[in-house]
Amino acid sequence: AGLIRGGAGKLILTLWPAKDVFAAGVVEVDLRPIREGQNFVVKWRSKPVFVRKRTPEMIESCKKDDVIAPSMRETATDAER
């Protein structure tokens, strides 16, 4: 049993991503300085990630589209997000 447990443990550790690969996927961004209605671009894995802090009016406008959400690629409604 100990031999099997040791072999399984080594197998799992070899499949686990290296620390540098794991760290490359984590980005922390301070969103506090972003004002309402402002767009912000962050680089993640050399690709842009677009962030927008929506105003209450923008949120209400997007909620109107919740009825057509099931026909979209991402089916989550604005209320669910």
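This briefing covers the fold, the hairpin, selected residues and the surface of one predicted protein model.

The model is predicted, so local features need pLDDT of at least 70, side-chain atom pairs count only at pLDDT 80 or more, and totals for chains, interfaces and linings use all residues. Residues are numbered from 1 along each chain as its sequence is written, and side-chain values use heavy atoms, with hydrogens and water left out. The protein has three helices and two strands. Along the sequence the pattern reads α-α-β-β-α. Helices (H or I, at least four residues) and strands (E, at least two) are DSSP runs, numbered from the N terminus.

**Confidence**

- The mean pLDDT of the protein is 79, and 88% of its residues reach 70 or more. The pLDDT score is the predictor's confidence in each residue, from 0 to 100.

**Overall burial and contacts**

- Of the 81 residues in the protein, 10% are buried. Buried means under 20% relative accessible area, exposed means over 50%, and partly exposed lies in between (1.4 Å probe, protein chains only).
- Among contacts with a separation of 6 or more, 2% join residues 24 or more positions apart. A contact means heavy atoms within 4.5 Å.
- The protein exposes about 7400 Å², and carbon and sulfur atoms supply 61% of that area. Accessible areas come from the Shrake-Rupley method with a 1.4 Å probe; for residues, only the protein chains shown count as cover.

- Strand β1 covers residues 39–44 and strand β2 covers residues 47–52. The two run antiparallel and are joined by six bridges. Strands pair if DSSP finds at least two bridges between them.
- Two residues separate β1 from β2 in the hairpin. In this turn, Arg45 has a positive phi of about 55 degrees.
- Asn39 stands opposite Arg52 in β2. Phe40 has Val51 in β2 as its bridge partner.

**Val42, in β1**

- Val42 sits in strand β1. Val42 counts as buried because its relative accessibility is 13%.
- Beyond its neighbours within four places in sequence, Val42 contacts Val27, Val29, Lys47, Pro48 and Val49.
- Val42 and Val29 are 13 residues apart along the chain, and their C-alpha atoms are separated by 7.9 Å.

**Arg52, in β2**

- Arg52 belongs to strand β2. With a relative accessible area of 48%, Arg52 is partly exposed.
- Leaving aside neighbours within four places in sequence, Arg52 is in contact with Gln38, Asn39 and Met58.
- The C-alpha atoms of Arg52 and Val41 are separated by 8.7 Å, and the two residues lie eleven apart along the chain.

- Thr55 is in the loop between β2 and α3, the helix at 56–63.
- Thr55 counts as buried, with 17% relative accessibility.
- Not counting residues up to four places away in sequence, Thr55 touches Glu36 and Gly37.

**The loop between α2 and β1**

- Val29 lies in the loop between α2 (19–24) and β1. Val29 is partly exposed, at 34% relative accessible area.
- Arg32 is also found in the loop between α2 and β1. Arg32 counts as exposed because its relative accessibility is 72%.
- Arg32 and Lys53 are 21 residues apart along the chain, with 9.9 Å between their C-alpha atoms.

**Salt bridge**

- Side chains of opposite charge can pair when their charged atoms come close.
- The whole structure holds one salt bridge. The term means a side-chain nitrogen of Lys or Arg within 4 Å of a carboxyl oxygen of Asp or Glu.
- Arg32 forms a salt bridge with Asp30, and the closest N and O atoms are 2.8 Å apart.
- Asp30 is partly exposed, with a relative accessible area of 40%.

**Nonpolar surface patch**

- Val27, Val29, Leu31, Trp44 and Val49 form a nonpolar patch on the surface. Together they have about 370 Å² of accessible area.
- Patches are made of residues with over 30% relative accessible area and no salt bridge; like charges are joined within 9 Å, and nonpolar side chains (Val, Leu, Ile, Met, Phe, Trp, Tyr) within 5 Å.
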